[in-house]
Amino acid sequence: MIYSEKVMDHFANPRNVGVIEDADGVGEVGNAKCGDIMKMYLKVNEGVITDVKFQTFGCGAAVATSSMATELIKGKSIDEALKLTNKAVVEALDGLPPAKLHCSVLAEEAMKTAISDYYTRQGIDPLPIVGEIGGGCDHCEGCH
C-alpha cells in the first residue's frame, strides 16, 4: 500500500495524542474485531472546541486520520466541526488507499460521538444537532 507523505507524517508524528482528564465530551468508536478503535476527547468553551486529543488503537491510517481530524476541528466552533466529513479528512491527507477509507469514517464518527456526548452532558438531546452516527467499521475487509 502506498501512503501519501502527509499520511506518513501524521502517522510518524501524530498531533494531539493523549487524554483530556476533564473533557467536556468523549467519543469512542471502532470495532475490536478489525482492530481499529478511536477515542476522542473535547474541551468546549462557549461553543468552540478549545482542545482536542485522541487515542487510537489501529493501523497507520487510523492514527493519521485521527491526527488530521483533530487538527481540522481544533479552534473551530461545534457547528464548523460538525461539517467535517471523512472525505475532507482524506483530502487533507492527500488521499488514502481504498482499503483504508473506513479509517477516515471512524475519525468522523469519533468526533461526532464526542460532540454528542458533550450535548448529552449539557442536558441537550444531540440527535437533532449531530444526527445519526454511522455504524462504524462494518466494511473492514482491508484491515490487519
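Me: Helices (H or I, at least four residues) and strands (E, at least two residues) are DSSP runs, numbered from the N terminus, and two strands pair if DSSP finds at least two bridges between them. With those terms in hand, in which sense do strand 1 and strand 2 pair, and over how many bridges?

Reply: A word on the source comes before the case. This is a predicted model, in which local features need pLDDT of at least 70 and side-chain atom pairs count only at pLDDT 80 or more, while totals for chains, interfaces and linings use all residues. Residues are numbered from 1 along each chain as its sequence is written, and side-chain values use heavy atoms, with hydrogens and water left out. As a general idea, strands of a sheet pair through backbone hydrogen bonds, either parallel or antiparallel. Here, strand 1 (residues 25-31) and strand 2 (residues 36-45) pair in the antiparallel sense, over seven bridges. Within that pairing, Val26 has Tyr41 of strand 2 as its bridge partner, and Gly27 has Met40 of strand 2.

Me: What is the order of the strands in the sheet, and which strands stand at its edges?

Reply: The sheet is open, has three strands in the order 1-2-3, and is antiparallel in its pairing. Strand 1 and strand 3 stand at the edges with a single partner strand each, so one side of each has no neighbour in the sheet. For angles, axes are lines fitted to C-alpha atoms (for helices, over the stretch in contact), and the angles run from 0 to 180 degrees between N-to-C directions. Neighbouring strands of this sheet are turned by 15° against each other on average, direction ignored. Strand 2 and strand 3 (residues 48-57) also pair in the antiparallel sense, here over nine bridges; among their bridge partners, Ile37 goes with Phe57 of strand 3, and Lys43 goes with Asp51 of strand 3.

Me: Is Glu46 buried or exposed, and how does Lys39 count?

Reply: Buried means under 20% relative accessible area, exposed over 50%, and partly exposed in between (1.4 Å probe, protein chains only). Glu46 counts as exposed because its relative accessibility is 77%. Lys39, which is placed in strand 2, has a relative accessibility of 27% and therefore counts as partly exposed. Contact means heavy atoms within 4.5 Å, and, leaving aside neighbours within four places in sequence, Lys39 is in contact with Val26, Gly27, Glu28, Lys53, Phe54 and Gln55.

Me: At what angle do helix 2 and helix 5 cross, and which residues meet there?

Reply: A crossing angle is sorted into classes: under 35 degrees is roughly parallel, over 145 roughly antiparallel, 65 to 115 roughly perpendicular, and the rest oblique. The axes of helix 2 (residues 60-73) and helix 5 (residues 101-121) come within 8 Å and cross at roughly 40°, which means that helix 2 is oblique to helix 5. In helix 2, Ala61, Ala62, Thr65, Ser66, Ala69 and Ile73 meet Cys103, Ser104, Ala107 and Met111 in helix 5. Counting Ala, Val, Leu, Ile, Met, Phe, Trp, Tyr, Cys and Pro as nonpolar, Asp, Glu, Lys and Arg as charged, and the others, Gly among them, as polar, the residues of this contact of helix 2 with helix 5 divide into seven nonpolar, three polar and no charged.

Me: How does helix 1 pack against helix 2?

Reply: Helix 1 (residues 5-12) packs against helix 2 at an angle of about 90°, with the axes 8 Å apart, which means that helix 1 is roughly perpendicular to helix 2. Val7, His10 and Phe11 of helix 1 meet Gly60, Val63, Ala64, Ser67, Met68 and Glu71 of helix 2. By class, this contact of helix 1 with helix 2 has five nonpolar, three polar and one charged residues.
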